[in-house]
Amino acid sequence: MASIEDVSHLLKVMKQLRDPLTGCAWDLEQNHDSLIPYLEEESQELIEAIESKDSDNIKDELGDVLLQIIFHSQIAHENKEFDFFDVVENLKQKLIKKNQIMKQ
């Protein structure tokens, strides 16, 4: 089972892929706009997996969508906008607010 250390490792790998000196040329060329087609593709593949009720494929496609989230978060971090943990915090606050509204 994955742990917070595994998430940290994923973030570290993405940072390495985007390192200006030693990173992957393709990854370094990407920006939010250039990644839109990949996000659309991965989202559609997840939808298809859900519709086919294929748990293993759903799990695989969720990982691909998570990669997109990590990729966009790294780009935003490089642009000094936000990072992955800001995304997590924002989601946490949304869920807390939703839970409070549902209890009313």
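Helix H3 covers residues 36-51, and its 16 residues reach 22 Å from first C-alpha to last, close to the 22 Å expected at 1.5 Å a residue. Keep in mind that this is a predicted model.

**Helix H3 and its two sides**
- Glu 42, Leu 46 and Ala 49 are the buried residues to look at in H3.
- These three cover an arc of only 60° around the axis, so they sit on the same side of H3.
- Helix H4 is part of what covers the buried residues of H3.
- Just after H3 comes Lys 53, with a positive phi of about 60°.

**Aromatic pair Trp 26 and Phe 71**
- Searching the whole structure turns up three aromatic pairs.
- One of them is Trp 26 with Phe 71, edge-to-face at 6.3 Å centre to centre and 70° between the planes.
- Trp 26 belongs to helix H2 (residues 25-29) and Phe 71 to helix H4 (residues 55-78), so this pair ties together parts that are 45 residues apart in sequence.
- Phe 71 is buried at 3% relative accessible area, whereas Trp 26 is partly exposed at 38%.

**Aromatic pair Phe 84 and Phe 85**
- Phe 84 and Phe 85 also pair edge-to-face, with 5.7 Å centre to centre and 80° between the planes.
- Phe 84 is buried, with a relative accessible area of 12%, while Phe 85 counts as partly exposed at 45%.

Definitions and conventions. Residues numbered from 1 in each chain as written. Predicted model: local features only at pLDDT ≥ 70, side-chain atom pairs only at ≥ 80, totals over all residues. Heavy atoms only, no water. Phe/Tyr/Trp six-rings, centres within 6.5 Å; stacked < 30°, edge-to-face > 60°. Helix = DSSP H or I, 4+ residues; strand = E, 2+ residues; numbered from the N terminus. Buried < 20%, exposed > 50% of the residue type's maximum accessible area, 1.4 Å probe, protein only. Expected span 1.5 Å × (residues − 1). Arc of directions from axis to C-beta. Contact = heavy atoms within 4.5 Å.
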